[in-house]
Amino acid sequence: MESFVMKCGGSTLAALPDSFFTDLKQLQDRGIVPVIVHGGGPAISETLNQLSIASEFVGGLRKTSEAVLDVVEMVLAGRINKEIVRRIQLSGGRALGLSGVDGRLITARPVENTSEVGLVGDVTDVNAELIQGVVGMGYMPVIAPIGLGGDGNQRYNINADTAAGAVASRIGTDRLIVVTDVPGIMKMEDGVKRVLTTVTIADIETMIESGDIYGGMIPKVRAAIQCIQGDVREVVIVDGSVPGILSSVLDGEQVGTRIIR
């Protein structure tokens, strides 16, 4: 069994067409099993509002108290995780939903600025054996990025992009696919917006400074860069609404934007 890691935001996943899940199933049938790490920021914010729990962001990370963490775990490991599993299974695929707590899948420690952001974690270890075991049984692991401290007691909220990069690196994948709602990183050339096929991390910083990358694309691109860690050498940003997009990437077609070191 071959596998690859795919990262997707919760709101993006909810909007993906059935063709995307058919593609996942067809890859699974070919013996290429996706390992999915998902986020869920908008749904977490919505639920916190409904419960009147105050929440703010500090440098792109959600300030996380125990009360916020309860909601993060409930939404990510509960609602969104199971929604993804359900949709994969409806397409005929086989999936198993896990959070980083299950089987000590993701071990974490507090981030350096924990005094500012609270219970946010950095990944220190990933139980690669567990992921490989699930893949070996023919199931797609669908992972909610909650981590567990070394003591096995304290939970941590982990940025989904950081978690995806760590999972990919620990299971020995050098490429990670980030599924978004845009066709890649775009740049104006001769009055026409074109998708850039390959960019380096340095190119991205230059394009943010020049304004070529702006608005909602900045966090997406920065998030993709966070995935490049350890053994992960490249991240491909693709539009999940394009039929057969994952197969296209894995078959070596030139789609989306490759971000390389």
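Predicted model: local features only at pLDDT ≥ 70, side-chain atom pairs only at ≥ 80, totals over all residues.

Me: How much space lies in the second largest pocket?

Reply: The second largest pocket holds about 170 Å³ of space.

Me: Which strand gives the most to that lining?

Reply: That's strand β12, residues 186–189, which gives three residues to the second largest pocket.

Me: And how do the lining residues there split by class?

Reply: Six are nonpolar, two are polar and three are charged.

Me: Let's zoom in on Met186. Where does Met186 lie, and what does Met186 touch beyond its sequence neighbours?

Reply: Met186 is part of strand β12. Not counting residues up to four places away in sequence, Met186 touches Lys193, Arg194, Val195, Met207 and Asp212. There's also a distance to look at: Met186 and Thr197 are eleven residues apart in sequence, and their C-alpha atoms are 9.3 Å apart in space.

Me: Why does Met186 count as partly exposed?

Reply: Because its relative accessible area is 25%, and partly exposed covers values between the buried limit, under 20%, and the exposed limit, over 50%.

Me: Got it. What about the largest pocket: how much space lies in there?

Reply: The largest pocket has about 930 Å³ of space. It is lined by 34 residues, and the closest to its centre are Lys7, Gly41, Gly60, Asn159 and Asp161.

Me: Which elements give two or more residues to the lining of the largest pocket?

Reply: Those are α1 (10–15), α3 (41–50), β4 (61–62), α7 (160–170), β11 (175–180) and α9 (217–227). The largest share of that lining is from α9, with six residues.

Me: And by class, how do the residues of that lining divide?

Reply: The lining of the largest pocket has 14 nonpolar, 14 polar and six charged residues.

Me: Okay, staying with α7 for a moment: is Thr162 buried or exposed?

Reply: Thr162, which sits in helix α7, counts as buried at 15% relative accessibility. Leaving out residues up to four places away in sequence, Thr162 touches Gln226 and Gln229.

Me: New topic! At what angle do the axes of α2 and α4 cross?

Reply: The axes of helix α2 (residues 18–29) and helix α4 (residues 66–90) cross at roughly 75° and come within 8 Å. The two helices are therefore roughly perpendicular to each other, because angles of 65 to 115 degrees count that way.

Me: Which residues meet where α2 contacts α4?

Reply: From α2 there are Asp18, Phe21 and Leu24, and they meet Ile84, Arg87 and Ile88 of α4. By class, that contact has four nonpolar and two charged residues, with no polar ones.

Me: Last one, on backbone angles. What is phi of Ser52, and what is phi of Arg104?

Reply: Phi of Ser52 is near 55°, a positive value in a residue other than glycine. Arg104 is likewise not a glycine, and its phi is positive, near 50°.

Me: Where do Ser52 and Arg104 lie?

Reply: Ser52 is in the loop between α3 and β3 (57–58), and at 67% relative accessibility Ser52 counts as exposed. Arg104 is in the loop between β5 (95–99) and β6 (106–110), and Arg104 is partly exposed, with a relative accessible area of 46%.

Conventions
Residues numbered from 1 in each chain as written. Heavy atoms only, no water. Axes fitted to C-alpha atoms, helices over the stretch in contact; angles between N-to-C directions. Helix = DSSP H or I, 4+ residues; strand = E, 2+ residues; numbered from the N terminus. Parallel < 35°, antiparallel > 145°, perpendicular 65-115°, else oblique. Contact = heavy atoms within 4.5 Å. Nonpolar A, V, L, I, M, F, W, Y, C, P; charged D, E, K, R; others polar. 1 Å grid on protein atoms, 1.4 Å probe; cavity = no way out; pocket = protein on both sides within 12 Å on 5 of 7 lines; lining within 4 Å. Points joined across faces, edges and corners; volume = space filled by probe spheres on them. Buried < 20%, exposed > 50% of the residue type's maximum accessible area, 1.4 Å probe, protein only.
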